[in-house]
Amino acid sequence: MAAHDDGSTFDEVYRRQFQPLVVQLYAFVADMSEAQDLVQEAFSRAWPRWHRISRYDDPVAWVRRVAWNIAISRWHRLRTARLFSLRQRVEVVNGPGPDRVVLAAALATLPVNHRRAVVLHYLAGLTVGEIAEDCGVAPGTVKSWLHRARATLADCLAEHEPERTGREPATVDDPTERRAD
């Protein structure tokens, strides 16, 4: 390791100067963790150049300057991001309705392959053949997944349905009838 004129190695300078530099940066950024990160980053940048920096009249001044530059650069980035976010329109969106919450909970009970088949068929609009190709299985397997998924969903959704009075029970369409393969 290169030594400073007074015989200081990188380790010695780090040990002596880390905490005083952290205190200085803390006074600037008002966040102890951030100040420690800044000083650590500055010393990390000094390490590969220490053979040159150690010959400076005040190598600690170089580390301090780098830490301050990093702090200012981060502050500029944060300020720019904050100003950008303030210019964005806030779009208030209602949360999901009770039916959607129940459906999402019911979907979560399905095995992964069944859920994937339901999502690809009913939300993405894929045919049984397209799903089979996407999943690398036979079309009959996809039909089986969809059949089992519909049965499970019908049971789950029936449990959460308010008492029906004189209406037909809810059904889910057969995917093979909806669209041709």
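Author: Let's start with a term we'll need: a residue is buried when its relative accessible area is under 20%. Keep in mind that this is a predicted model. Phe18, with a relative accessible area of 16%, is therefore buried.

Reader: Okay, how about Tyr14: what is its relative accessible area, and how does it count?

Author: Tyr14 comes out at 26%, so it is partly exposed.

Reader: How are Tyr14 and Phe18 placed along helix α1?

Author: They sit four residues apart in that helix, which means about one helical turn separates them.

Reader: And how do I read a pair of rings?

Author: Look at two things, the distance between ring centres and the angle between ring planes; over 60 degrees counts as edge-to-face. The structure holds seven aromatic pairs. In one of them, Phe10 and Trp47 have ring centres 4.9 Å apart and planes at 65 degrees, so this pair is edge-to-face.

Reader: Where do Phe10 and Trp47 lie?

Author: Phe10 belongs to helix α1 (residues 10-29), while Trp47 is in the loop between α2 (32-46) and α3 (50-53), so their pairing ties together parts 37 residues apart in sequence. Phe10 is buried at 8% relative accessibility, and Trp47 is partly exposed at 43%.

Reader: Back to Tyr14 and Phe18: what kind of ring pair do they form?

Author: A tilted one, because their planes are at 35 degrees, with the ring centres 5.2 Å apart.

Reader: Which residues do ring pairs link into a cluster?

Author: The cluster consists of Phe10, Tyr14, Phe18, Phe43, Trp47 and Trp50.

Reader: Let's switch to helix packing. At what angle do the axes of α7 and α8 cross?

Author: The general idea is to check the crossing angle, where 65 to 115 degrees counts as roughly perpendicular. Here the axes of α7 (residues 128-135) and α8 (residues 139-160) come within 8 Å and cross at roughly 105 degrees. That makes α7 roughly perpendicular to α8.

Reader: Which residues make that contact?

Author: From α7 it's Val128, Ile131, Ala132 and Cys135, and from α8 it's Pro139, Val142, Lys143, Trp145 and Leu146. Sorted by class, the contact has eight nonpolar residues, no polar ones and one charged.

Reader: I spot a cysteine in there. Is Cys135 buried or exposed?

Author: Cys135 is buried, since its relative accessible area is 18%. Cys156 counts as buried too, at 16% relative accessibility.

Reader: How many disulfides turn up in the whole structure?

Author: Searching the whole structure gives zero disulfides.

Key
Residues are numbered from 1 along each chain as its sequence is written. This is a predicted model: local features need pLDDT of at least 70, side-chain atom pairs count only at pLDDT 80 or more; totals for chains, interfaces and linings use all residues. Side-chain values use heavy atoms; hydrogens and water are left out. Axes are lines fitted to C-alpha atoms, for helices over the stretch in contact, and angles run from 0 to 180 degrees between N-to-C directions. Helices (H or I, at least four residues) and strands (E, at least two) are DSSP runs, numbered from the N terminus. Angles under 35 degrees count as roughly parallel, over 145 as roughly antiparallel, 65 to 115 as roughly perpendicular and the rest as oblique. Contact means heavy atoms within 4.5 Å. Ala, Val, Leu, Ile, Met, Phe, Trp, Tyr, Cys and Pro count as nonpolar, Asp, Glu, Lys and Arg as charged, and the others, Gly among them, as polar. A disulfide is a pair of cysteine sulfur atoms within 2.5 Å. Buried means under 20% relative accessible area, exposed over 50%, partly exposed in between (1.4 Å probe, protein chains only). Rings of Phe, Tyr and Trp (its six-membered ring) pair if their centres lie within 6.5 Å; planes under 30 degrees apart count as stacked, over 60 as edge-to-face and the rest as tilted.
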